[in-house]
Amino acid sequence: YAPMNQDAIDELQADWVAQRPDLDPDPMGVVFRVQVLAKLFGDQAEKRQDQYDLQWWQYDVLSALRRQGAHYTMSASELAQAAMLTSGAMTNRIDRLEYLNLVVRLKDDSDRRKVLVRLTSKGLDLVESATEARLKAGLNALLGLDKELH
């Protein structure tokens, strides 16, 4: 019997079974579906971010600072490490966010070589609103799923 709700991935798997019956295409089906969902969810989140004129990397840095709590501050090297970037790439991002008045650089009183990055009130307001929108997008994406799945 054939499943009722076949999709393109089912067809792709069936093609591989026909051409290479020695291979098990089941893992491919799971991985491809996860990739498709990731793309769909990412696109939905990006649409929400667009209304705040935020690129994904901007949100990434701002949200990392926001998650620190009350002072919304991290060292530039901690930010680079959290984003898995080189210090030069993070410096470029901080420059651009500082230009938009979303973050400010501060000197660390205990270590003059260290640069601290803090959200401005404008940056905080923006990341708060964008995070609410992003979480709503996630909730909306899950609404179509069976309640037992989430």
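Guide: Let's start with two strands: β1 and β3 (residues 111-119) are antiparallel partners, joined over three bridges. Before going on, a word on ground rules: this is a predicted model, local features need pLDDT of at least 70, side-chain atom pairs count only at pLDDT 80 or more, and totals for chains, interfaces and linings use all residues. Residues are numbered from 1 along each chain as its sequence is written, and side-chain values use heavy atoms, with hydrogens and water left out.

Strands (E, at least two residues) and helices (H or I, at least four) are DSSP runs, numbered from the N terminus. Two strands pair if DSSP finds at least two bridges between them.

K107, for instance, has V115 in β3 as its bridge partner. These two strands make a hairpin, with two residues between them.

Put together, you get an open sheet of three strands in the order β1-β3-β2, paired antiparallel. β1 (73-75) and β2 (103-108) are at the edges with a single partner strand each, so one side of each has no neighbour in the sheet. From one strand to the next, the twist averages 30°. Angles like this run from 0 to 180 degrees between N-to-C directions, and axes are lines fitted to C-alpha atoms, for helices over the stretch in contact.

Now for what sits on the sheet. Helix α5 (residues 87-99) lies across β2 and β3, and it runs at about 120° to β2. Find L97 in α5: it's buried, with a relative accessible area of 0%. Here buried means under 20% relative accessible area, exposed over 50%, and partly exposed in between (1.4 Å probe, protein chains only). Leaving aside residues up to four places away in sequence, L97 touches W57, Q58, V61, L62, L102 and V103, where contact means heavy atoms within 4.5 Å. L97 and L119 are 22 residues apart in sequence, while their C-alpha atoms are 9.5 Å apart in space.

On the α3 side the contact is made by W56, W57, Q58, V61 and L62, and on the α5 side by M90, R93, R96 and L97.

One last stop: T120, in the loop between β3 and α6 (121-142). T120 is buried, at 13% relative accessible area. Its side chain reaches the backbone oxygen of N101 at 2.6 Å; a polar contact is a pair of N or O atoms within 3.5 Å, and within protein one must be able to donate a hydrogen and the other to accept it, while residues adjacent in sequence count only if both atoms are side-chain atoms. Apart from residues up to four places away in sequence, T120 touches N101, L102, V103 and V104.
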